[in-house]
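The report below goes through the two chains, their contact and a few individual residues. Please read it alongside the sequence and the coordinates.

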Amino acid sequence: MQAHQRMFDSTPEGLNSGESPLLRTIGLTKRYGDFLANDSIDIDIWPGQIHALLGENGAGKSTLVKAIYGLIQPSAGEIYWLGERIVLSGPSEARSRGIGMVFQHFSLFDNLTVAENVALGLDGRESFNDMSARLAQVSKTYGLPLDPRREVWQLSVGERQRIEIVRALMQDPKFLILDEPTAVLTPQESDQLFIVLERLKSEGRAILYISHKLEEVKRLCDTATILRGGRKVETCDPRRETAASLARMMVGGEIKEVKAAAGRTTTVPRLVVNDLSLAPGEAHGVRLAHISFELKGGEILGIAGVAGNGQDELFAALSGERLSKDPGTVVIEGIAAGHLSITQRRKLGAAFVPEERLGHGTAPRMKLSENALLTGHAASGMVHRGFIDTAATLKTVDRATETFDVRKAKRDPEAASLSGGNLQKFIVGREILRNPAVLVVSQPTWGVDAGAAAVIRQALLDLATAGAAVLVTSQDLDELAEIADRIAVMFHGRLSAPLAASEATREKLGLLMGGSMLEPKEAAHAVGA
Amino acid sequence: MQLVLEKRAERSGTIALVSPLIAVGLTIVTMVILFAILGKNPLLALHAYFIAPLTDGYSLQEIAVKATPLVMIAIGLSLCYLANAWNIGAEGQFLIGAVAGSWIAVRTQGTDAGAWVLPAMLVLAAAAGALYALIPAICKVKFGASEILTSLMLVYVADLFLDYLVRGPWRDPHGFNFPTTAEFDPVATVPLLIEGGRLHLGAIIALLVVAAAAILLGRTIKGFEIRVVGAAPRAARFGGFKADHLVILTFAVSGALAGLAGIIEVAGPVGHLQPGISPGYGFTAIIVAFLGRLNPLGILVAGLFLALTFIGGEQAQIAMKIPLDVTKVFQGILLFYVLACDSLILYRFRLVFPNRQVARGTR
């Protein structure tokens with residue numbers, strides 16, 4: 001090993017100090033067809049540093065870390081680990097060399113216990129009891145409390161992430177990759193995570209921290225590498241940059257600011273939910289309990305909360321993908337609609353934008369005009385006596401394209417061929433062009449580039465200004481702060497009382513997202529029941 | 001150098017058209033090898049299979065006669081498959097249709113029943129085929145039973161039921177104990193299109209079915225529902241379409257078409273009800289549906305092509321003593337290649353030279 005470390009002296013870049021980086025990539029390139037996901041990326045990871053990897057969706061962050069973790073083979077370029085050129089056969093080799101990774105999407109079995117899940121990720125050379133003891137010890141050392149005997153489905157998202165982190169730490173990695181770890185955490189949980197990361201750093205481990213939350217990166221990271229369109233734009237010290245300058249490097253230009261029209265007035269209630277309770281539709285789903293709110297025309301209500309606290313179930317109940325036995329639980333435009341199908345609710349003037357663009361909001365392998373028909377068939381004059389008016393569906397595509405700047409290769413391509421941002425603009429546009437009285441939208445800018453996100457948020461604000469009632473579910477607190485008039489928080493299938501946007505500080509919302517301020521209310525319900 | 005399969009950004013329209021042809025080409029290459037192994041001259045065998053039947057009028061008519069049930073059944077199956085409902089039991093629905101229609105023919109035999117007999121037979125056959133297909137459909141929707149298994153198993157029930165009828169209650173008393181009904185009366189027979197020929201009215205009905213399916217799938221909201229439910233079930237639910245309803249609908253339509261094909265076959269070319277009225281039309285139609293890319297016009301062409309293999313197989317057996325089962329082998333290989341070539345619509349092959357790229361990457 002020692003001999004190999006000298007190898008770097010012969011590389012053209014050389015080394016400016018006596019020590020070598022833990023990991024170095026030179027000209028790392030990954031090609032998918034004609035598309036360069038990573039184009040000649042050079043990156044150095046030093047021990048004892050937290051290195052941020054910044055970039056918009058599609059900039060190539062995930063591709064880069066997958067190559068470093070051995071999940072994909074680079075098309076070209078080299079990876080050096082402790083000075084030695086390595087070609088990783090897969091993640092298990094990466095792990096055995098000391099590279100760990102915590103994914104954004106957890107790979108846990110819901111029906112197994114914490115300890116069983118951890119055991120599955122290890123090589124199994126130690127007994128289950130030894131492993132459990134070590135698990136308890138690691139989780140105690142790093143302040144990541146976990147009960148090894150609990151089944152995963154009972155745990156919160158934050159706790160599940162702890163399992164992934166502990167699992168990675170049990171292999172004593174020299175280098176840990178974290179993919180957007182705070183995306184699923186409350187502000188307070190994020191703070192706790194940062195303490196753990198600082199501690200890992202002080203132990204001399206290196207961390208590669210993927211994020212697009214710039215304030216977080218400024219606070220936590222020593223170095224930042226910014227990717228854009230598959231290329232490295234810059235490596236800099238984030239503490240010396242401003243959030244705005246980092247954003248400019250990520251986006252490659254200024255981002256349009258979203259502006260709410262002055263003097264928006266609220267009118268009559270257009271969407272009312274009365275004591276909505278719904279049993280989960282699938283195993284380990286969330287039970288909606290006693291949800292009530294009233295949304296007036298001209299108003300945007302934001303629903304915050306950690307993913308998996310019932311937001312999907314609420315969307316299904318509001319859209320009519322799941323029906324409620326009691327019609328009065330969902331009232332659209334003054335008409336009890338809890339028992340009505342999604343088509344009937346659309347006819348009442350409601351429109352819906354689900355979180356998942358491909359496969360839920362659109363049929364991926366169908367043309368945009370057909371996807372316009374998907375939600376427009378009931379109420380937009382696209383169907384006459386059972387026959388489709390193709391001209392009308394194409395007109396919707398053209399209008400959405402023009403109004404919301406949807407970029408595509410031809411007039412009517414398949415939905416799956418559009419980029420995430422452009423497809424989302426089309427989906428939101430498709431619904432807004434129907435002039436809905438009520439728009440229910442889930443994660444409107446999830447995985448969307450900054451330019452498209454600004455267009456979409458502006459469109460939601462304009463729709464509210466025009467008099468519609470807009471309900472936005474989002475995990476992005478900054479987004480809600482930007483557009484919502486009031487913000488409520490979902491936790492364990494319950495919805496908090498909405499706070500006025502001006503009062504909804506990150507701290508307050510964070511506490512609600514963790515469930516703490518709901519306790520007295522829950523108790524009250526228990527007494528009432 | 002390595003060969004990689006990579007995803008296309010958008011499905012290739014050209015390949016969608018060409019892929020069945022590639023599949024046919026690959027099948028023929030495989031058959032040449034197979035004929036050579038059997039010790040037959042491959043060129044002569046291919047000639048007997050694919051050229052000879054096209055050279056005389058009788059064989060051409062016979063191709064159209066064989067294609068008629070294949071196309072009608074395959075159109076119905078394509079609706080099921082587009083909607084993600086897997087009806088494998090068209091053979092059974094075909095037989096039940098034949099039985100139900102024959103019931104009227106048998107009951108009115110020798111009476112002075114008028115011209116209503118044939119239309120009534122067609123309607124009853126379609127209804128019976130639809131009802132028979134609804135058994136697996138309802139079992140799927142209500143109990144989650146696999147329609148693949150239930151529809152297939154019902155084929156054997158129908159087959160044995162027909163067998164029982166023609167050996168028992170419906171056997172022709174003057175038929176020398178052969179398991180068959182008496183010849184149907186003229187009013188219970190599908191009229192011929194060419195005097196003294198074989199081509200019958202069923203061919204026209206098959207063309208009408210193709211046209212109706214093309215309009216249904218291409219122009220109507222119901223056709224759109226069928227396609228969305230199969231292509232993206234969750235998006236379909238979001239669109240307000242109910243998958244269960246479409247399972248019922250497409251099974252009923254495909255059962256009706258299979259039943260109609262069954263009675264047309266019995267009241268047309270065969271002329272009476274007997275076992276073995278189908279050389280596996282209901283199963284071959286599955287190949288027709290996929291070879292035609294689940295597209296009505298494609299199915300018309302594919303139906304004629306597979307009819308050609310039936311006729312060619314008979315000719316090859318007579319002329320070259322090639323077993324008739326080779327036709328089934330041919331059809332099976334064809335389905336295999338058709339499904340394999342479909343992946344080229346969404347993927348493409350690409351040669352990559354990793355070494356050269358590394359050299360460039362590091363200068």
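## A buried leucine in chain A

A:Leu271 is buried, since 27 other C-beta atoms lie within 10 Å of its own, and the cut-off for a buried residue is 20 or more. The model in which this count is made is a predicted one. A:Leu271 belongs to strand β11 of chain A, which runs over residues 269-278.

Leaving aside residues up to four places away in sequence, A:Leu271 touches A:Leu295, A:Ile332, A:Val438, A:Ala469 and A:Leu471. A:Ile226, by contrast, is 45 residues from A:Leu271 along the chain, and the C-alpha atoms of these two residues are separated by 43 Å.

## Chain A as a whole

Chain A contains 18 helices and 23 strands. Its radius of gyration is 25 Å, close to the 24 Å that the globule rule gives for 529 residues, so chain A is as compact as a globular protein of that length. The C-alpha trace of chain A spans about 80 × 60 × 40 Å along its principal axes.

Of the 529 residues of chain A, 47% count as buried. When contacts in chain A between residues at least 6 apart in sequence are considered, 68% of them join residues at least 24 apart.

## Chain B as a whole

In chain B the secondary structure consists of 14 helices and 2 strands. A compact globule with 363 residues would have a radius of gyration near 21 Å, and the 23 Å of chain B agrees with that. Along its principal axes, the C-alpha trace of chain B spans about 95 × 60 × 35 Å.

Buried residues account for 47% of the 363 residues in chain B. Among the contacts in chain B between residues at least 6 apart in sequence, 78% join residues at least 24 apart.

## Two helix pairs in chain B

What describes the packing of two helices? The description consists of the angle between their axes and the distance between the axes. For helix α1 (residues 13-37) and helix α2 (residues 42-51) of chain B, the angle is about 125 degrees and the axes are 9 Å apart. That angle makes α1(B) oblique to α2(B), and the crossing of the two helices is right-handed. On the side of α1(B), the contact involves B:Ile28, B:Val32, B:Phe35 and B:Ala36, which meet B:Pro42, B:Ala45 and B:Leu46 in α2(B). By class, the residues of this contact are 7 nonpolar, no polar and no charged.

Helix α3 (residues 57-82) and helix α12 (residues 296-320) of chain B pack at an angle of about 135 degrees, with their axes 7 Å apart. The two helices α3(B) and α12(B) are therefore oblique to each other, and α3(B) passes α12(B) in a right-handed crossing. Among the residues that make the contact are B:Ile63, B:Ala67, B:Leu70 and B:Ala74 of α3(B), together with B:Ile299, B:Gly303, B:Leu304 and B:Ala307 of α12(B). The contact of α3(B) with α12(B) has 15 nonpolar, 3 polar and 2 charged residues.

## The contact between the chains

The contact takes 36 residues from chain A and 24 residues from chain B. On the side of chain A that touches chain B, at least two residues are supplied by each of β1 (23-32), β4 (76-81), α11 (342-347), α12 (368-376) and β18 (387-388) of chain A. The residues of that side of chain A divide into 15 nonpolar, 16 polar and 5 charged.

Most residues other than glycine have a negative phi. A:Ser40, although not a glycine, has a positive phi of about 50 degrees. A:Ser40 is located in strand β2 (residues 35-45) of chain A, and with 18 other C-beta atoms within 10 Å it is partly exposed.

B:Phe176 also has a positive phi, near 55 degrees, and is likewise a residue other than glycine. Where in chain B does B:Phe176 lie? B:Phe176 is found in the loop between α6 (147-167) and α7 (201-219) of chain B. Because B:Phe176 has 6 C-beta neighbours inside 10 Å, B:Phe176 counts as exposed, the cut-off for that class being 12 or fewer.

How values were computed
Residues numbered from 1 in each chain as written. Chains lettered and ligands numbered in written order. Predicted model: local features only at pLDDT ≥ 70, side-chain atom pairs only at ≥ 80, totals over all residues. Axes fitted to C-alpha atoms, helices over the stretch in contact; angles between N-to-C directions. Helix = DSSP H or I, 4+ residues; strand = E, 2+ residues; numbered from the N terminus. Parallel < 35°, antiparallel > 145°, perpendicular 65-115°, else oblique. Left-handed = near helix turned anticlockwise from the far one by under 90°. Contact = placed C-beta atoms within 7 Å. Nonpolar A, V, L, I, M, F, W, Y, C, P; charged D, E, K, R; others polar. Rg over C-alpha atoms; globule rule 2.2 N^0.38 Å.
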